[in-house]
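This report considers a pocket and a helix pairing in one protein model. The sequence and the structure are shown below.

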Amino acid sequence: MARHDEAPDESTPDALASFESYRAYLFAIAYRMLGSAMDAEDMVQETYLRYQATPPESIVSLKAFLTTVLTRLCMDQLHLARRKREVYPGPWLPEPIFTEDDGGAANPERRIDLHESLSLAFLTLLEDLPPLERAVFLLREVFDYEYAEVAAFLGRSEVAVRQSFSRAKKHLADHRPRFAVSPDVHRQMLTSFMRAAESGDMAALMAVLAEDVTLWADAGGKVRGAAPRPIVGRQTVAAFVLGTERFAPAQYRIEVATVNQQPAMLVRTDDGIYLVLTIEVEAGLIARIRVIANPDKLAHLN
């Protein structure tokens with residue numbers, strides 16, 4: 001069962017070599033924990049510094065040591081981040097990252113599991129969990145660690161870990177979309193949305209939106225025309241999308257890229273990416289739209 005998201009196998013000579021064997025694995029945990037690529041990189045680097053400062057003879061398992069250090073650092077960071085987000089201007093959304101399809105044909109269940117855990121929709125749901133429950137759920141459900149291993153990483157009892165996992169899983173199950181759509185349908189709906197928005201066709205835009213569609217725009221208080229609170233309703237969302245054209249850069253181009261394992265719309269200028277837009281589709285219509293325009297959250301994409 002223990003796949004641990006392609007972490008190196010410590011029985012091989014290469015895995016004993018150095019910290020670098022684990023960098024991608026550690027980032028995979030940290031990004032899912034924090035929803036921030038920049039913070040995740042910082043936590044991985046801090047883990048490296050603590051690894052350097054630890055006598056090698058005291059480390060029984062390098063992977064277990066690094067996972068323990070990183071996870072606890074991320075939990076501390078989450079507590080700090082939550083306080084900052086209480087005063088964040090407008091909606092807060094995770095930082096997007098570019099991803100590529102790794103195939104995964106030999107194990108499609110693994111691919112779906114890992115890909116969903118990177119989606120902006122899923123990362124947003126994780127924000128509702130306390131740091132401990134978030135860590136327990138990710139280590140157990142996404143990285144397939146046993147309860148005893150998770151308990152050791154977090155310094156908690158196995159009973160407490162099982163209880164945290166149960167609470168987290170129930171909360172996420174209650175709020176996840178009931179039916180997933182295929183990547184082809186997702187891309188088709190995004191393309192229809194883009195064409196309607198680019199052409200300014202109100203009727204065509206409303207035709208792809210659910211009646212109770214919700215739009216969140218994370219601009220961090222740094223972009224003109226961004227909505228300071230969620231926008232709800234087909235006509236209201238459509239009017240907002242078309243109305244923001246007057247705030248758009250003088251010269252820009254629109255493209256589609258794979259962001260957080262799903263097709264996303266990018267608005268790009270000569271200076272870099274101006275915004276990233278993702279959608280969620282339910283019952284053949286767009287039910288949720290997330291727009292990240294905070295330049296601080298897009299800097300790493302450029």
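## Composition of the pocket lining

The model is predicted. In the lining of its second largest pocket, 23 residues are nonpolar, two are polar and four are charged.

## Volume and position of the pocket

The volume of the second largest pocket is about 530 Å³. Its lining consists of 29 residues, of which V241, T244, E245, V267 and L275 are the closest to the centre of the pocket.

Helix α9 provides the largest share, with four residues.

## Packing of α1 and α6

Helix α1 (residues 23–34) packs with helix α6 (residues 131–142). Their axes lie 10 Å apart and form an angle of about 140°. Angles over 145 degrees would count as roughly antiparallel, and those from 65 to 115 as roughly perpendicular; α1 and α6 are therefore oblique to each other. The crossing of the two helices is right-handed.

On the α1 side, the contact is made by I29, R32, M33 and L34. On the α6 side, P131, R134, A135, L138, L139 and V142 take part. The residues of this contact comprise eight nonpolar and two charged, with no polar ones.

Conventions: Residues are numbered from 1 along each chain as its sequence is written. This is a predicted model: local features need pLDDT of at least 70, side-chain atom pairs count only at pLDDT 80 or more; totals for chains, interfaces and linings use all residues. Side-chain values use heavy atoms; hydrogens and water are left out. On a 1 Å grid over the protein atoms alone, a cavity is a set of points where a 1.4 Å probe fits but cannot get out, and a pocket is an open set with protein on both sides within 12 Å along at least five of seven lines; lining residues have an atom within 4 Å of a point. Grid points are joined across faces, edges and corners, and a volume is the space filled by probe spheres set on the points. Ala, Val, Leu, Ile, Met, Phe, Trp, Tyr, Cys and Pro count as nonpolar, Asp, Glu, Lys and Arg as charged, and the others, Gly among them, as polar. Axes are lines fitted to C-alpha atoms, for helices over the stretch in contact, and angles run from 0 to 180 degrees between N-to-C directions. Angles under 35 degrees count as roughly parallel, over 145 as roughly antiparallel, 65 to 115 as roughly perpendicular and the rest as oblique. A crossing is left-handed if the near helix is turned anticlockwise from the far one by less than a right angle, and right-handed if clockwise. Contact means heavy atoms within 4.5 Å.
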